[in-house]
Amino acid sequence: MPGTPRSTAASVTLIAAVLLSIPMTTAATPAAAATPGDRLPCRPGSGPHLAGRDLTRMTLPADLSCADLRGAKLDGLTVRSLLTGADLTGASLKGAHLGYAQMAGARLRKADLSEAELYYADLRGSDLREATMDDSSPYYAHFEGADLSGATMVRAKTYDAQFDDAKLVGVDLTDAAAYGADMRRADLRRVKAAKARLYGATFIRTVLRQADLSGAQLYESVMTGADFRGADLTGADLRDVRDARLAGSKGVPRFLPAPDPSCAPGTGQDYRGWDLTAVTDFPDDLSCADLTGAKLDGVDLTGVKLNRAILRDVSAAGASLRSAKGADLRGARLRRAKLGSADLAGADLSRADLSDAALGSATLTQAKLVGADLRDAELISVTADQADFTGARMDRAYLHHGKYRDAVFRKAVLTDADLSDAELRGATFEGAEVTGLNQDFAEDIDLSGSSSRMSAGWLIFFGVTGLVAFWIVAGLTTARVRRRRAAREAAAERAVRFEDARRVQEENVTRLGEEIDSVADRTGEVDWNAVLDAYDAAKEALARAHDMSDLTDVETIVGRGRKALTRRR
């Protein structure tokens with residue numbers, strides 16, 4: 001056809017090829033219903049054969065259902081053709097415009113859909129395994145029943161998309177925008193969704209085993225029946241999620257839904273035995289969590305609620321706590337812990353190690369500290385009404401200005417403790433050890449039934465006796481101490497002299513090396529073997545020198561080297 005443009009001719013050729021490749025059907029053969037997935041109007045690949053073709057400059061026909069487009073190139077193309085059941089395996093659709101595309105049941109395995117526009121596209125039941133969809137825009141798209149296993153969707157915009165019953169095993173959703181997406185019953189095992197925006201999504205009965213959700217935004221999502229076993233939730237935002245059951249997950253989310261105010265201990269997050277010392281962002285509320293045996297040494301938990309949490313046998317030396325009302329801290333290791341102004345009302349700290357801990361102004365009302373170690377602890381101005389200190393070790397504890405009304409100190413050891421200015425109305429000290437107890441200005445203190453190992457008179461007597469014995473022993477040992485001191489001083493003086501002399505010889509050896517360098521051009525005039533042997537020997541002798549005689553040997557060797565340096569051959 002003379003005068004026909006080349007592109008038009010190519011389009012005509014393409015359409016002709018398409019028409020010739022369409023299989024003929026008789027009128028008696030009814031067409032199958034166009035349904036997604038396995039019920040298609042035709043067999044994938046049985047339509048027009050365009051495999052491997054570059055279609056970027058072609059005008060596509062309106063219907064490419066079940067077309068064979070394997071390896072075809074459609075980069076940047078605006079596709080309005082019907083692609084239901086089409087075989088696009090390995091096809092290149094970079095930046096293609098596929099908005100509202102009808103692609104149910106299509107085969108897109110290993111296809112390149114990076115930067116493609118797929119908004120509102122129908123991809124139900126399609127095969128997208130190992131497809132590249134980075135930076136694509138399939139928002140509001142339909143992926144129900146599709147298989148996207150191994151696909152990459154980095155930074156993809158899949159918000160409000162439908163993934164019901166879809167398979168996304170190992171999909172890379174890093175930094176993707178998938179908020180509002182419906183993923184009910186979807187299989188997201190091993191999905192990589194670090195920092196993905198998944199808030200407001202639906203995860204009803206979704207499988208998220210071993211998924212990487214670190215730093216993901218999951219707030220306000222519905223998670224009824226979701227399986228998070230092995231999923232990494234480090235730093236994830238789970239505020240206001242519904243029906244979340246995170247049992248078996250790992251990592252500490254940055255935000256968690258507020259627990260039920262009436263939750264039972266141990267029904268919250270499960271961190272039993274975890275090492276949490278490297279966590280920097282804890283959720284605000286870990287009430288009722290189970291942290292049995294967890295490692296929290298030096299961790300700052302001042303902004304975290306641990307009310308009714310289980311913290312049995314935790315290692316939290318030097319840790320900071322503020323809110324652990326009703327918590328179970330039996331056997332906790334809290335040596336040097338910072339618990340100032342902490343609310344520990346009703347907490348069970350039986351057998352806990354609180355030695356050297358700072359508990360100033362803390363609330364210990366009705367707390368249980370049976371057998372606890374409070375030696376050298378600071379409990380200034382605490383409120384510990386009705387607290388139970390039975391059998392506690394409280395040697396040298398600072399308890400002044402505190403409120404201990406109706407508290408129990410039965411069999412407690414309060415040796416050299418300070419209870420001055422404390423309120424002790426109704427407090428019980430039966431069987432307590434109160435030797436050296438400072439009770440100045442203590443209100444309503446009643447030490448009935450307590451005991452002291454030694455009276456003040458005996459203490460004075462043995463004190464004087466000990467002082468006399470001390471002076472006798474001191475007189476006998478003074479001469480010996482003086483002799484030892486004199487010997488140490490002499491040794492120190494010898495060491496100083498040795499170091500001074502060693503520095504002199506070190507400089508002497510260094511100068512010899514400099515002299516050698518300065519006459520290096522007199523190659524034939526100097527006995528270099530003798531000079532260099534002397535220099536090496538001097539350095540070795542200096543390194544081995546331990547006394548003044550050794551340093552004398554160094555000086556002799558250096559002199560021998562200088563003599564060899566000036567001697568003509």
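Tutor: Let's start with a term: pLDDT is the predictor's confidence in each residue, on a scale from 0 to 100. This model is predicted, with local features needing pLDDT of at least 70 and side-chain atom pairs counting only at pLDDT 80 or more, while totals for chains, interfaces and linings use all residues. Residues are numbered from 1 along each chain as its sequence is written, and side-chain values use heavy atoms, leaving out hydrogens and water.

Student: What does pLDDT say about residues 1-37?

Tutor: It stays under 50 over that stretch. The model has 33 contacts there beyond four places in sequence, where a contact means heavy atoms within 4.5 Å.

Student: Which elements have the lowest and the highest mean pLDDT?

Tutor: Helix α1 (residues 6-21) has the lowest, 44, and strand β2 (residues 320-323) the highest, 96. For the protein chain, the mean is 88, and 90% of the residues reach 70 or more.

Student: What makes a stretch a helix or a strand?

Tutor: Both are DSSP runs, numbered from the N terminus: helices are H or I over at least four residues, and strands are E over at least two. By that definition the protein chain has four helices and two strands, in the order α-β-β-α-α-α along the sequence.

Student: What share of the contacts joins residues 24 or more positions apart?

Tutor: Among contacts with a separation of 6 or more, that share is 11%.

Student: Why is Ala347 called buried?

Tutor: Buried means under 20% relative accessible area, exposed means over 50%, and partly exposed is in between (1.4 Å probe, protein chains only). Ala347 has 0%, so the word buried applies. Buried residues make up 43% of the 569 in the protein chain.

Student: Where is Ala347, and what does Ala347 touch?

Tutor: Ala347 is in the loop between β2 and α2 (456-518). Leaving aside residues up to four places away in sequence, Ala347 touches Ala324, Gly326, Ala327, Leu329, Ala367 and Lys368.

Student: Is Asp240 buried or exposed?

Tutor: Asp240 has 55% relative accessibility, so Asp240 counts as exposed. Asp240 is in the loop between α1 and β1 and touches Glu220 and Pro257, not counting residues up to four places away in sequence. Leu256 is 16 residues from Asp240 in sequence and 7.4 Å away in space, C-alpha to C-alpha.

Student: And Gln210: what makes its accessibility class, and what is its phi?

Tutor: At 47%, Gln210 counts as partly exposed. Gln210 has a positive phi of about 55°, although it is not a glycine, and lies in the loop between α1 and β1 (300-305). Gln366, in the loop between β2 and α2, has a positive phi too, near 60°.
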